[in-house]
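Subject: Structure handover and notes

Dear colleague,

Please find the sequence and the structure below, followed by my notes on what was found.

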Amino acid sequence: MTAVTAAGAQPQLGYGNAVGGIAAQTTAVAVADAFHRRANVEHAAASLSNVLFGALLIALLSLALLGSFAPGATVAGLHPVSYALVACYLGGLHLVRRAGASPPWQAVATTETLPDVPHEHGDLDRRRSAVASLPAGSRVSLVCREAWSAVVSPTPPEATVEPAIRTSHLTKRYGRLLALDDLDLTVTAGEVFGFLGPNGAGKSTTIRLLLGLARPTAGQAWIFGTAAADVATAHQRVAYVPADVTLWPQLTGAEILELLGATGPGVDVAYRDELVARFALDLSKPGRAYSTGNRQKVALVAAFATRAPLLVLDEPTAGLDPLMEREFRRAVVEARDAGSAVFLSSHQLAEVEAVCDRVGILRAGRLVDVATITELRRLHRTEVLVRFAGPVPELTDVEGIDGVQVDGAALRFTLTGPPGPALRALAAADVTTLTMREPTLEEIFLDYYGESGR
């Protein structure tokens with residue numbers, strides 16, 4: 001179907017391709033004229049075809065009637081009944097063809113229909129003025145059967161990009177144990193999201209809820225706008241690597257990859273072969289012969305090779321050596337650059353720090369913070385070491401400074417928040433060196449948990 005905008009707006013094609021080879025013109029009026037002319041031509045052709053076919057049927061029936069007055073007679077060598085049978089066959093064929101034929105143009109759901117007028121050229125000006133008077137941005141679809149009419153519907157809204165993961169008040173209880181408490185989270189496409197927390201914090205419970213493997217006690221989760229509980233639809237866009245990979249013991253690595261590729265949303269075979277080489281994976285061994293690290297490699301290769309829009313990775317580098325961890329990080333970056341979202345649950349803080357765009361920290365089932373690595377560091381303590389050529393200034397009461405330690409001509413303290421007050425306090429002193437060290441993700445993580453983390 002061809003959709004065009006009203007006069008004064010930009011032309012727009014939507015809801016299908018142009019029918020009959022007529023391209024959208026610069027205004028709705030021009031397209032309306034083109035469709036009107038096309039409708040006239042096809043209407044005239046259809047009328048002529050009906051007249052000729054009707055004349056043929058009348059001729060055949062006339063021959064059958066003429067022959068019936070003389071029993072046993074023939075007309076042009078054929079019995080009159082033959083003409084009657086041919087006439088009935090052609091008539092029925094014509095009716096079937098007309099009934100099954102699709103009209104050249106179909107209407108869409110409409111909010112307003114212009115007055116329907118016949119094909120007379122005198123009424124064309126009425127149609128042109130009616131279309132031209134539509135508000136800018138209206139979409140015009142034209143319908144043609146025996147007569148045509150212009151139909152108007154609102155301009156379709158711009159397509160919205162659904163987040164890869166969205167949860168709203170997601171909660172899970174196991175009896176009296178509150179495993180996940182009121183989780184609100186959004187992960188966008190093209191983002192690597194790190195999900196941090198110690199054992200028992202609720203990470204695995206969250207993943208089970210996202211994959212539809214468990215039902216929430218309250219709240220809901222969506223995968224690209226599809227309810228996580230609708231696993232048949234949601235899983236078409238997800239690849240998952242569990243923390244503890246179990247393989248079919250009798251199948252070789254190659255057979256396992258083929259099986260996983262056939263049952264999943266699809267596989268990029270060339271990329272899979274590349275990953276096999278990069279992860280140094282021997283596909284000739286049976287599953288029972290693989291070590292923990294090699295089982296993890298099989299699962300990672302299978303997941304990344306799907307090019308799935310969402311990768312859910314639960315402790316994915318367990319058992320991998322440092323070289324393979326580097327290849328894993330490279331594959332994560334490639335997936336992100338290709339537009340996939342990566343949800344990475346991990347205890348490896350260095351790994352999260354290296355590849356994640358944002359980090360969520362889970363504590364006792366509650367999400368306590370979500371921020372980029374840079375933002376997390378800015379919100380937490382920075383270690384500062386200052387050396388002086390003269391007297392050491394007093395900084396105990398300066399805003400943002402804590403843990404002041406004096407060692408001769410050196411001063412060590414931690415800084416939280418903006419550095420302005422500390423720099424002003426140091427401006428009057430004779431500073432020889434100033435060194436600042438931002439906290440690692442591990443130190444930030446430990447700040448959140450302290451003695452009460454679990």
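**A nonpolar surface patch and its surroundings**

L423, V431, L434 and M436 form a nonpolar patch on the surface, and together they have about 330 Å² of accessible area. Patches are made of residues with over 30% relative accessible area and no salt bridge, like charges being joined within 9 Å and nonpolar side chains (Val, Leu, Ile, Met, Phe, Trp, Tyr) within 5 Å; accessible areas come from the Shrake-Rupley method with a 1.4 Å probe, and for residues only the protein chains shown count as cover.

Before going further, please note that this is a predicted model, in which local features need pLDDT of at least 70 and side-chain atom pairs count only at pLDDT 80 or more, whereas totals for chains, interfaces and linings use all residues. Residues are numbered from 1 along each chain as its sequence is written, and side-chain values use heavy atoms, with hydrogens and water left out.

Strand β18 gives the most to the patch, with three residues, while L423 has its place in helix α12 (residues 420-426). Helices (H or I, at least four residues) and strands (E, at least two) are DSSP runs, numbered from the N terminus. L423 is partly exposed, with a relative accessible area of 47%, where buried means under 20%, exposed over 50% and partly exposed in between (1.4 Å probe, protein chains only).

**The sheet that holds β18**

Four strands make up an open sheet in the order β16-β17-β15-β18, with antiparallel pairing. The edges are taken by β16 (401-407) and β18 (431-437), each of which has a single partner strand, so one side of each is left without a neighbour in the sheet. From one strand to the next the twist averages 15°, with axes taken as lines fitted to C-alpha atoms, for helices over the stretch in contact, and angles running from 0 to 180 degrees between N-to-C directions. Strand β15 (residues 382-388) runs antiparallel to β18 and is joined to it by six bridges, two strands being paired if DSSP finds at least two bridges between them. The bridge partner of E383 in β18 is R437.

The whole structure contains twelve salt bridges, each defined as a side-chain nitrogen of Lys or Arg within 4 Å of a carboxyl oxygen of Asp or Glu. E274, R278, E327, R330 and E334 are linked in a network of such bridges. E327 is buried, at 12% relative accessible area, whereas R330 is partly exposed at 41% and E334 is partly exposed at 23%.

A further salt bridge joins the side chains of D357 and R336 (3.2 Å, N to O). This pair links distant parts of the chain, 21 residues apart, with D357 in the loop between α10 (349-355) and β13 (358-363) and R336 in helix α9.

**Helix α8**

Helix α8 (residues 292-305) has 14 residues, which at 1.5 Å a residue should span 20 Å, and its end C-alpha atoms are 20 Å apart, which agrees; the expected span is 1.5 Å times one less than the number of residues. This helix is mostly covered, since twelve of its 14 residues are buried, among them G293, N294 and F304.

With best regards
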